[in-house]
Amino acid sequence: MALQALQSSGVTFRRILSHFPEELSLAFAYGSGVYRQAGPNSDQKNAMLDFVFTVDDPFAWHSKNLKKNWNHYSFLKVLGPKMITSIQNNYGAGVYYNSLITCDGRLIKYGVISTSILIEDLLNWNHLYVAGRLQKPVKIVTMNEDITLRSALDRNLKSAVTTAFLMLPESFSEEDLFIEIAGLSYSGDFRMLVGEDKTKVLNIVKPNIAHFRELYGSILQENPQVVYKSQQGRLEIDKSPEGQFTQLMTLPKSLQQQINHIMDPPGKNRDVEETLFQVAHDPDCGDVVRLGLSAIVRPSSIRQSTKGIFTAGSNQEWRRHWMFCPGQHLWCMLMTKNVKLLSGENPECRPCQWPLPSAVTELVLPPSAPARGNSAWSQVTRT
């Protein structure tokens, strides 16, 4: 099936990519610096550019990148590429981020993930982290001819559609569908409870309906379980138990297992198919699926955010921000992993939009310090 890829025609991304080792199976840019978002992240001109680099051999890639870009790494660089690769693969969501890097005049953040771990995440949703990024419009900067990777990218989009169908009513709009899809990787994300803008998903979708339509249009037209009225922007799906069972049986393995764990009574040890058959007949089927998503995303987001504290770079700007407000930024990093809070030109911290809990204030701030409040992958060509 042909999915339409959203390719970058801009020179900016290719110039940035030229600063890194070339052995990439996939490189894409995402986020508010690439696609306009509504709300507080609407300033594209000054927004940080977010990248993910997929590599076949993380050890070899980090070895070369340490030679080219030693200052991109945190103190972990002194442990060498073997330890960095181990931290990347074995902790968090399998991705290693270097943050707050000035490259070609732009502030960037880039994550490195192995091709094999990405494929596993795309197919099975082990973490739904980078796979979740790829369920939203991204700019493909480069991509090789790996058929397995392209197939997994396609499967990830189909799985996103199927999962969203299970949580939607019988009739709904394109916007409803795209909001549900964009929110999959935020289900259960602890940052959404305490740090992120609660309208983040809406802010992603509303200015980018056309891009979502380009990404998912062919999947919807070819899906036998949906009536897609593209001219009216409306969809109708089969919500019968039989239809829902068919959809549940095609979900990624990790999500099926989480649903089974949620619904299987202690000591009964039913197999997954039996549990999914029961869920298909349950009027709360969509809620069960949402709980399964949360069981994947919550631990993944916590582990990856914690890892981000140690992998964040150590340039002067980073240290200056921490000197001005160490307690608040520890909380910001723990709760949001949102290094964009630290990227302003003014060396003083931007005020947080949420207060520090008293327990955290006592833990991280000295008594004299005030607590500041408030489908198209198969058609991709290199660019």
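## The sheet

Two strands count as paired if DSSP finds at least two bridges between them.

Strand 1 (residues 26-30) pairs with strand 2 (residues 49-55) in the antiparallel sense over five bridges. Within strand 2, Val52 is the bridge partner of Phe28.

## Basis of the model

The model is predicted: local features need pLDDT of at least 70, side-chain atom pairs count only at pLDDT 80 or more, and totals for chains, interfaces and linings use all residues. Residues are numbered from 1 along each chain as its sequence is written, and side-chain values use heavy atoms, with hydrogens and water left out.

## The nonpolar cores

A nonpolar core is a set of buried Ala, Val, Leu, Ile, Met, Phe, Trp, Tyr and Cys residues joined through side-chain atoms within 4.5 Å; buried means under 20% relative accessible area (1.4 Å probe, protein chains only). The largest such core has 66 residues, and Phe28 and Val130 are among those with the most contacts inside it. Helix 6 (residues 147-166) supplies the largest share of this core, nine residues. A second, separate core has 26 residues, including Ile16 and Tyr110.

Contact means heavy atoms within 4.5 Å. Leaving aside neighbours within four places in sequence, Val130 is in contact with Phe28, Val52, Val95, Ile113, Leu118 and Asp121.

Methods:
Buried < 20%, exposed > 50% of the residue type's maximum accessible area, 1.4 Å probe, protein only. Helix = DSSP H or I, 4+ residues; strand = E, 2+ residues; numbered from the N terminus.
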